[in-house]
Amino acid sequence: MNITVSISPEIASHVLAHFGHGGYEAGTFTRHLLSAMDTADPVNLAALGRAFPAYAAAVVGIKYDPEGVAFLQRLASGGFACAKCGGSDGPFVTVGASPLCEPCHQGQR
């Protein structure tokens, strides 16, 4: 099963701020959520991810993907484009370090 999660510029900014890479700080609840996700073991992170999939995807990306910080910084700045077609309307899927829009990822373009 292939699941696409759309990470908004706001979510990217919150996660970047939590991990000290720019962005801007979230509200109290979201700061606590990010702290919980940051310290959760994989089982509990997956449970939190069912309720907050975009935040969980961003946290996993920034913690475990070598391109995660750069990916979220591009999302937060709005300077994101598909590596194949150049389109800027998401959602985007990362394939290695190259972002693809959903239609290109699914082979529709």
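Select Thr 30 to begin. Thr 30 touches His 14 and Tyr 55, leaving out residues up to four places away in sequence; contact means heavy atoms within 4.5 Å. Thr 30 sits in helix 2. Helices (H or I, at least four residues) and strands (E, at least two) are DSSP runs, numbered from the N terminus. At 16% relative accessibility, Thr 30 counts as buried. Buried means under 20% relative accessible area, exposed over 50%, and partly exposed in between (1.4 Å probe, protein chains only).

Some ground rules before the next stop. This is a predicted model, where local features need pLDDT of at least 70, side-chain atom pairs count only at pLDDT 80 or more, and totals for chains, interfaces and linings use all residues. Residues are numbered from 1 along each chain as its sequence is written, and side-chain values use heavy atoms, with hydrogens and water left out.

**The whole chain**

Zoom out and colour by secondary structure. The protein has six helices and two strands. From the N terminus on, the order is α-α-α-α-α-β-β-α. Of the 109 residues in the protein, 31% are buried. Take the contacts between residues at least 6 apart in sequence: 39% of them join residues at least 24 apart.

**His 14**

Select His 14 next. His 14 belongs to helix 1. Is His 14 buried or exposed? With a relative accessibility of 7%, His 14 counts as buried. Show what surrounds this side chain. Beyond its neighbours within four places in sequence, His 14 is in contact with Tyr 24, Glu 25, Ala 26, Thr 30, Leu 34 and Tyr 55.

**Helix 1 against helix 2**

Now select residues 9–18 and residues 28–39, which are helix 1 and helix 2. Two packed helices are described by the angle between their axes and the distance between the axes. Here the angle is about 65° and the axes are 10 Å apart. Axes are lines fitted to C-alpha atoms, for helices over the stretch in contact, and angles run from 0 to 180 degrees between N-to-C directions.

Helix 1 passes helix 2 in a right-handed crossing. A crossing is right-handed if the near helix is turned clockwise from the far one by less than a right angle, and left-handed if anticlockwise.

Which residues of helix 1 and helix 2 meet? On the helix 1 side, pick His 14, Val 15 and His 18; on the helix 2 side, pick Thr 30, Leu 34, Ser 35 and Asp 38. The residues of this contact divide into two nonpolar, four polar and one charged. Ala, Val, Leu, Ile, Met, Phe, Trp, Tyr, Cys and Pro count as nonpolar, Asp, Glu, Lys and Arg as charged, and the others, Gly among them, as polar.

**Val 15**

Stay in helix 1 and select Val 15. Val 15 is buried, with a relative accessible area of 0%. Val 15 touches Leu 34, Tyr 55, Ala 58, Val 59, Ile 62 and Leu 72, not counting residues up to four places away in sequence. Draw a distance from Val 15 to Ala 58. The two are 43 residues apart in sequence, and 6.7 Å apart in space, C-alpha to C-alpha.

**Helix 4**

Select residues 53–64, helix 4. Helix 4 has 12 residues and reaches 16 Å from its first C-alpha to its last, close to the 16 Å expected at 1.5 Å a residue. The expected span is 1.5 Å times one less than the number of residues.

Which residues of helix 4 are buried? They are Ala 54, Tyr 55, Ala 56, Ala 58, Val 59, Gly 61 and Ile 62. Their cover includes helix 1, helix 2, helix 3 (42–51) and helix 5 (68–77).

**Salt bridges**

Side chains of opposite charge can pair when their charged atoms come close. A salt bridge is a side-chain nitrogen of Lys or Arg within 4 Å of a carboxyl oxygen of Asp or Glu. How many salt bridges does a search of the whole structure find? It finds two.

- Select Asp 38 and Lys 63: their closest N and O atoms are 3.3 Å apart. Asp 38 lies in helix 2 and Lys 63 in helix 4, so the pair ties together parts that are 25 residues apart in sequence. Asp 38 is partly exposed at 25%. Lys 63 is partly exposed at 31%.
- Select Arg 31 and Glu 25: their closest N and O atoms are 3.3 Å apart. Arg 31 is partly exposed at 34%. Glu 25 is exposed at 58%.

**Last stop: Gly 87**

Select Gly 87, in the loop between helix 5 and strand 1 (92–95). Gly 87 counts as buried, at 16% relative accessibility. Gly 87 and Cys 101 are 14 residues apart in sequence, and 7.1 Å apart in space, C-alpha to C-alpha.
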